[in-house]
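Trainee: I am new to this structure. Please take me through one part of it closely, the charged pairs and what surrounds them.

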Amino acid sequence: RHRGAALFLGQWFTLTERIVRSMAVEREFLPAIVVPGVFALGFYLPLRGIVADYGVDYAQFLMPIIVLQAMAFTATAAAQRSALESVRGMTKRLRTMPIVRGAPLAARLTAGALRATLSVLASVAFGTLLGFRFHGGIGQALAFYALAMAFVLVLSLGADAIGSLTRNPEATAQAMFLPQLVLGLFSTGFVPEEAFPSWAQGFARNQPISHFATAMRAIADGTATWSVVAPALWWTVAIAVVVVPLAVRAERRRS
């Protein structure tokens, strides 16, 4: 049993290193750092005056959705990477090797988590320049990061499975982009609920992106309570219930 665990860890580390090197060569880390800043400025500059009418500090209000959008792009990249592994023949090559089941998936998720971490750090850095702060201290900052990572983990699991099953990087990217665009823009991440028409406020308030943005905003402000954070956690569990079996199926198909 210990030998099997050591074998898994060794293969996980080696495969993760391979993927990270590939990401570095293909310059995947650059957009992970730059894109959050582009999004932050792109929304902050034109909307800060409008949102100020609602009595909102827009830098503080905006940063959670910038982080969530960066996590969504990380998941899209994970889907493309999974599809490319099949297209380039890496999946077939791994089938001929004594690879422990689950090690390739763990490696892809770990590499994605590294990219996601860079995006979170970049988002917070850009947000700090605009006026964003963690008012609750280091503990809240870590909770903010943990919730962002939970979000990207469940998204990446589903995205990896979709990429593996479709084996089409372009189609996979398109399939991932539209839902994240619609849910992101139609959420309370960019503007308060009151800014939506009355008929749209219910959806904008209750969809998953809004719950994550609200929870992360409260964590950063130091005002988080269980009732505020719980919906985001329940959405994480609900998404996991859907994507974990899909990821297991895709991984079995790979091996």
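Mentor: Start with glutamate 28 and arginine 81. Both are buried in this predicted model. Their side chains form a salt bridge, 2.9 Å from N to O. Glutamate 28 sits in the loop between H1 and helix H2 (29-52), while arginine 81 belongs to helix H3, so this pair ties together parts 53 residues apart in sequence.

Now turn to aspartate 160 and arginine 108. Their side chains also meet in a salt bridge, with 2.5 Å from N to O. Aspartate 160 is in helix H6 and arginine 108 is in helix H5, so the pair links parts that are 52 residues apart in sequence. Aspartate 160 is buried, and arginine 108 is buried too.

Next, look at arginine 21 and glutamate 17. They form a salt bridge whose closest N and O atoms are 2.9 Å apart. Both lie in helix H1 (residues 2-25); because they are four residues apart, about one helical turn separates them. Arginine 21 has a relative accessible area of 56%, so it is exposed. Glutamate 17 is at 34%, so it counts as partly exposed. In total, the structure holds five salt bridges. Why can such pairs form? Side chains of opposite charge can pair when their charged atoms come close.

Now go back to H3 and H6, the helices that hold arginine 81 and aspartate 160. H3 spans residues 58-87 and H6 spans residues 138-166. They pack at an angle of about 30°, and their axes are 8 Å apart. Angles under 35 degrees count as roughly parallel, and H3 and H6 are therefore roughly parallel to each other. Their crossing is right-handed. On the H3 side, the contact includes Pro64, Val67, Leu68, Met71 and Ala72. On the H6 side, it includes Phe144, Ala148, Phe151, Val152 and Asp160. By type, the residues of this contact divide into 15 nonpolar, six polar and one charged. Asp160 of H6 is part of this contact, and aspartate 160 also has its salt bridge to arginine 108.

Finish in helix H5 (residues 103-130), where threonine 128 lies. Threonine 128 has 35% relative accessibility, so it counts as partly exposed. The C-alpha atoms of threonine 128 and alanine 59 are separated by 8.4 Å, although the two residues are 69 residues apart along the chain.

How values were computed. Residues are numbered from 1 along each chain as its sequence is written. This is a predicted model: local features need pLDDT of at least 70, side-chain atom pairs count only at pLDDT 80 or more; totals for chains, interfaces and linings use all residues. Side-chain values use heavy atoms; hydrogens and water are left out. Axes are lines fitted to C-alpha atoms, for helices over the stretch in contact, and angles run from 0 to 180 degrees between N-to-C directions. Helices (H or I, at least four residues) and strands (E, at least two) are DSSP runs, numbered from the N terminus. Angles under 35 degrees count as roughly parallel, over 145 as roughly antiparallel, 65 to 115 as roughly perpendicular and the rest as oblique. A crossing is left-handed if the near helix is turned anticlockwise from the far one by less than a right angle, and right-handed if clockwise. Contact means heavy atoms within 4.5 Å. Ala, Val, Leu, Ile, Met, Phe, Trp, Tyr, Cys and Pro count as nonpolar, Asp, Glu, Lys and Arg as charged, and the others, Gly among them, as polar. Buried means under 20% relative accessible area, exposed over 50%, partly exposed in between (1.4 Å probe, protein chains only). A salt bridge is a side-chain nitrogen of Lys or Arg within 4 Å of a carboxyl oxygen of Asp or Glu.
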